[in-house]
Amino acid sequence: MSYDVKPIHPIFGAEVTGIDCSQTPTPEVVEFVEDAMAEYAVLVLRDQTMTDEEHAEWSRYFGPRESPAGPITGHASKQQRLGRYLFDAGNLDLNGKIMAADHPRRVMRSGDRLWHTDSSFNPLPTKWSMLHGRTVPPEGGNTDFADCRAAYDALPEETKARMENLMVVHNIWHSRIKGGLKETEITEEQRQSMPPVCHPLVRIMPRSNRKAMMIGAHAEHIVGMPDSEAQPFLQELADFATQPQFVYSHKWHEGDLVIWDNRCTLHRATSFDDLTYPRDMRRTTIDEYAPSWSFVD
Ligand code: OGA
Ligand code: MN
């Protein structure tokens with residue numbers, strides 16, 4: 001089968017045709033997708049009818065998969081109806097019904113409406129997410145993406161100089177609180193199971209050699225900088241990166257698989273009538289690498 005890639009936005013994002021993700025990717029397909037991701041950072045593959053198992057299997061060829069059932073993220077979010085490697089990003093409960101307005105997982109998911117990058121609260125760099133739209137609402141519920149390479153390139157030189165060598169502390173509880181979770185609802189066990197981690201603010205991306213900044217809702221502090229300075233600075237960078245010229249808004253169609261690079265983009269869920277319409281979204285997440293002691297498959 002021949003495959004092709006066509007840009008969908010002036011600066012990043014592309015639609016790829018000719019790849020069936022229910023099939024084992026050949027080495028050529030893996031290289032093609034790696035190259036396209038290095039260039040575009042967000043790829044859309046339409047009309048994918050894969051099962052959870054096929055989704056997980058396809059993902060395996062691009063890096064070690066995260067298991068969302070691993071760490072304690074609290075409430076009902078730990079229990080899930082999907083397989084070991086599938087993260088449930090939709091609005092359905094364990095029985096496949098729309099979550100009630102007071103469902104405890106709603107508050108965990110509401111943080112997704114903030115600009116963020118997946119799993120930057122994990123110690124390993126999170127490479128890509130692959131989100132499959134199984135059921136999508138008739139209107140709303142887009143996912144917005146921002147290109148943090150192009151945004152970095154466009155920053156004033158003095159801001160770039162200020163950013164050099166800075167390390168950012170990322171913490172899942174920081175973004176959950178911003179999303180509406182009450183601090184008193186977080187147990188000590190939960191906090192200890194997912195402690196804060198550090199990542200560089202700016203890094204060079206493999207293959208493209210482009211610089212990108214990693215910020216977003218999990219970013220809580222800058223090492224060695226008082227919060228009174230760090231928090232407005234992180235906000236200023238996020239506001240800069242999410243200006244309309246750096247943003248692609250994806251309108252979902254059933255069967256879309258959207259792959260994004262978490263190391264150089266931000267994304268956010270947008271609103272829809274989520275008490276009326278089911279939105280069944282399933283995600284695999286892969287790391288850039290794994291420590292050899294944990295790479296069991
Ligand atoms: C995610 C996420 C956004 C959406 O799956 O990581 O943030 O629109 N999803 O569902
Ligand atoms: Mn996300």
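Two strands pair if DSSP finds at least two bridges between them, and strands themselves are DSSP runs of E with at least two residues, numbered from the N terminus. The structure looked at here is a predicted model, in which local features need pLDDT of at least 70, side-chain atom pairs count only at pLDDT 80 or more, and totals for chains, interfaces and linings use all residues. Residues are numbered from 1 along each chain as its sequence is written, chains are lettered from A and ligands numbered from 1 in the order in which they are written, and side-chain values use heavy atoms, with hydrogens and water left out.

With E14 (residues 265-269), E6 pairs in the antiparallel sense over 5 bridges, and here Thr143 has Ala269 as its bridge partner. With E12 (residues 247-250), the pairing is antiparallel too, over 4 bridges, and Ala146 sits opposite Val247.

His116 (NE2), Asp118 (OD) and His267 (NE2) coordinate the manganese ion (ligand 2) at 2.1 to 2.2 Å. Donors here are N, O and S atoms within 2.8 Å of the metal (3.2 Å for Na, K and Ca), and since water is not among the atoms, sites may look incomplete. Along the chain, the donors follow the spacing H-x1-D-x148-H. His116 counts as buried because its relative accessibility is 4%, and Asp118 is buried with a relative accessible area of 4%.

Definitions and conventions
Buried < 20%, exposed > 50% of the residue type's maximum accessible area, 1.4 Å probe, protein only.
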